[in-house]
Amino acid sequence: MMQARSDRMRRQFKTIVFVPTMGFLHEGHLSLVREGKKHGDDLVVSIFVNPAQFAPGEDLESYPRDLDRDLELLREEGVDAVFNPDAKEIYGKEFQTYVELKKLPNHLCGISRPIFFKGVATVVAKLFNIVKPHVTVFGQKDYQQLVIIRQMVRDLGFDIEVVGAPTVREPDGLAMSSRNAYLAPEQRTSALSLYKSLQKAQELLENGIQDATIIIDAATELIQSLPETKIDYIAICDTETLVDIKTIDKPVLMALAVKVGKARLIDNMILNPQLD
Ligand code: AMP
C-alpha cells in the first residue's frame with residue numbers, strides 16, 4: 001500500500017521526503033519533520049520499533065510507545081503520510097537478507113551493541129524501498145547512524161539525498177531522547193553530565209588543550225562524580241571515519257554513551273580547535 005502510494009506521488013512529480021523514527025515523538029523528531037518540509041512536498045514519517053536492532057536483554061519490549069499521541073503530533077505538523085508497519089510486514093517468515101557495513105560499526109556504539117547497525121542499515125534500506133523517498137532526514141544526535149546511512153546510500157547507489165539535522169536539547173542542555181522517559185527526577189541531574197562533559201571538552205580545547213586523553217579523562221571524572229552513571233564509552237574521533245584521534249588539530253567528533261540507571265543515553269558534539 002505504501003509502495004503504491006509512493007509510486008502515485010512520484011507519478012505526480014512530488015518530491016518525497018522521509019523521516020524514519022521509532023515513535024514516542026519529541027521536539028527532536030518534530031525538528032526533522034520541519035527540516036524535511038523544506039526539501040520536498042510529500043512528507044512521510046515512519047514509526048517502527050525495529051526488533052532487528054535490539055539485542056536480547058535490551059529494551060525492545062519496554063521501549064516507550066504512544067501511537068495516538070504520535071499521530072496527533074504528526075497531524076499538527078501537517079505530515080502527509082505515516083507508515084507504521086507491523087514487524088511481520090517488514091520481517092517475513094523467511095527473512096534472511098541483511099545490510100552490513102565493514103568498518104563504520106566497529107567504533108562507538110557498535111562496540112557494545114554489535115548487531116545494532118546491521119539492524120538499522122537493514123531496516124532503513126527496506127524502508128527506503130517501500131517509501132521511495134528523494135530526500136531523507138536523520139538527526140546528528142545519532143551521529144554514527146547518520147554517517148552509516150550516508151555510507152550505505154553511497155555504497156548501494158540509493159538515489160536519495162541524506163540531510164543531517166542538528167540535535168534538539170532541553171532548555172538545560174540534555175539532548176532530547178525517547179529514552180529520557182526512563183529517567184527518575186534524581187537521575188535527570190546525572191543525565192545532564194553528558195552535555196556538561198561535552199561543553200567542558202570544548203572549553204578545555206579553547207584553553208589550548210589538544211590532547212584527547214586529557215579531555216576524555218576530564219569528561220570521565222565529571223560524569224563519574226554523579227550518582228547512578230556508568231560510562232559505556234567516551235571517544236574523540238575523526239568526523240568521517242570515526243577512528244580515534246590523539247591530538248586535536250582539526251574539527252573532531254566527541255561522542256559518548258552513558259547508562260544512567262537503566263537508560264542508555266548518547267550525545268555528541270563537534271569540537272573545534274581554535275587554529276591560528
Ligand atoms: P529514534 O526515534 O530515536 O530512532 O530517532 C529517529 C530520528 O530522530 C533519528 O534520525 C534521530 O537521530 C532523530 N533524533 C532523535 N533525537 C533527536 C534530537 N534530540 N534532536 C534531533 N534529532 C533527533
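Local features of the predicted model need pLDDT of at least 70 and side-chain atom pairs count only at pLDDT 80 or more, whereas totals for chains, interfaces and linings use all residues. Residues are numbered from 1 along each chain as its sequence is written, and side-chain values use heavy atoms, with hydrogens and water left out.

Of the area that domain 1 buries against domain 2, 38% is supplied by Leu-108, Lys-141 and Tyr-143, more than by any other three residues. The interface holds 1 salt bridge, defined as a side-chain nitrogen of Lys or Arg within 4 Å of a carboxyl oxygen of Asp or Glu. The side chains of Asp-59 and Arg-179 form a salt bridge at 2.8 Å, N to O.

A cavity is a set of points, on a 1 Å grid over the protein atoms alone, where a 1.4 Å probe fits but cannot get out; lining residues have an atom within 4 Å of a point. Grid points are joined across faces, edges and corners, and a volume is the space filled by probe spheres set on the points.

The largest cavity holds about 860 Å³ of space. Of its 46 lining residues, Met-22, His-29, Lys-141, Asp-142 and Gln-145 are the closest to its centre. Among the elements that give two or more residues to this lining are β1 (16-21), α2 (27-37) and β7 (252-260), while α6 gives the most, with 6 residues. Helices (H or I, at least four residues) and strands (E, at least two) are DSSP runs, numbered from the N terminus. Because both domain 1 and domain 2 give residues to the lining, the largest cavity lies between them.

The second largest cavity holds about 80 Å³. Its lining includes Lys-141, Tyr-195 and Asp-267, and the largest share, 3 residues, comes from β8.

Conventions: On a 1 Å grid over the protein atoms alone, a cavity is a set of points where a 1.4 Å probe fits but cannot get out, and a pocket is an open set with protein on both sides within 12 Å along at least five of seven lines; lining residues have an atom within 4 Å of a point. Domain bounds come from an automatic or database domain assignment. Buried area is the accessible area (1.4 Å probe) that two parts lose on being put together, summed over both.
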